[in-house]
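Hi,

Here is the structure I promised to pass on.

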Amino acid sequence: MQVACFVFIHRHWEEDKKHMGNMLDYFCDIREPLQLLLFPEGTDLTENTRAKSDVFAAQNNLPKFEYVLHPRSTGFTFIVDRLRKGDNLDAVHDITVAYPKNIPQTERHLILGLFPREIHFHVRRYPVASLPSSSDDLESWCRDRWAEKESRLRDFYSSQPRGFDRDGIARVPPCKTELRVTLIKAASLLYWSSFIALCFTGLWLWAPFRLYFLVVVGVYVALQKLIGGVELLELSCHRYWKSMAANMGEKSKVLDGKMQ
């Protein structure tokens, strides 16, 4: 995740705001295609988190939700504003996920093999031009999307057969045939099973592999302790080379002025 430049947070806005702003500015500077996945509700839906969401709703004169948690829109509005100013935002995709059969809540369910039998996605794309310009309006826009999710999920779980389409017919992209999905699942299962087995075999039987493993762990632990992570090292290098390029540009302007 560090190598992929995930944005790590502490869940305290005053601590997270500066770091998040630095990372977003970096994404805008390097101009690489960016997909940023954000969960504005911050956690999964349980009885405990729903109770906290109800308290938040009561304090802010908002309706209580049953199928979703109220979003905390501060981070969302900050991200949209920052990426929009950096001309690095094309659209916001609103994604709603539903589980018609069973919902695994903890890792224990996965260990027991209780994987979701079905997962339904509802995706709606909002071009950046359609988003409100002010932060306050953007916050209201985010809350409106969550009210839509509540209604959408209520309809989903109350309909038979369950589905996001009113007529009950699921729309699947043509490329996602049952055969292709089955082959991808089989290939993924084979790859990861073999990869894990080979890693344990290498650690058990091959001394150079154990040395490599220890070196990699040592490097990441050292970077975490000294700098904060690989992504912060990458950010520091980018800032250094950017400042060097700016200094070279200033020197070039001064020399051109003297020559004239």
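Which exposed residues does α2 carry on the face turned away from its buried side? They are E47, K52, A58 and Q59. Before you go further, keep in mind that this is a predicted model.

α2 runs over residues 47–59. With 13 residues at 1.5 Å each, α2 should span 18 Å, and its end C-alpha atoms are 19 Å apart, so the two agree. Its buried residues are T49, R50, S53, F56 and A57. These five sit on the same side of α2, because they cover an arc of only 115 degrees around the axis.

Just after α2 comes N61, which takes a positive phi of about 55 degrees.

α5 also has a partner in α3, which covers residues 74–85. The two helices pack with their axes 9 Å apart and at an angle of about 125 degrees. An angle like that makes α3 oblique to α5. The crossing of α3 past α5 is right-handed.

If you want to find this contact on screen, look on the α3 side for F76, T77, V80, D81 and R84. On the α5 side they meet S135, L138, E139, W141 and C142.

Cheers

Note on methods:
Residues numbered from 1 in each chain as written. Predicted model: local features only at pLDDT ≥ 70, side-chain atom pairs only at ≥ 80, totals over all residues. Heavy atoms only, no water. Helix = DSSP H or I, 4+ residues; strand = E, 2+ residues; numbered from the N terminus. Expected span 1.5 Å × (residues − 1). Buried < 20%, exposed > 50% of the residue type's maximum accessible area, 1.4 Å probe, protein only. Arc of directions from axis to C-beta. Axes fitted to C-alpha atoms, helices over the stretch in contact; angles between N-to-C directions. Parallel < 35°, antiparallel > 145°, perpendicular 65-115°, else oblique. Left-handed = near helix turned anticlockwise from the far one by under 90°. Contact = heavy atoms within 4.5 Å.
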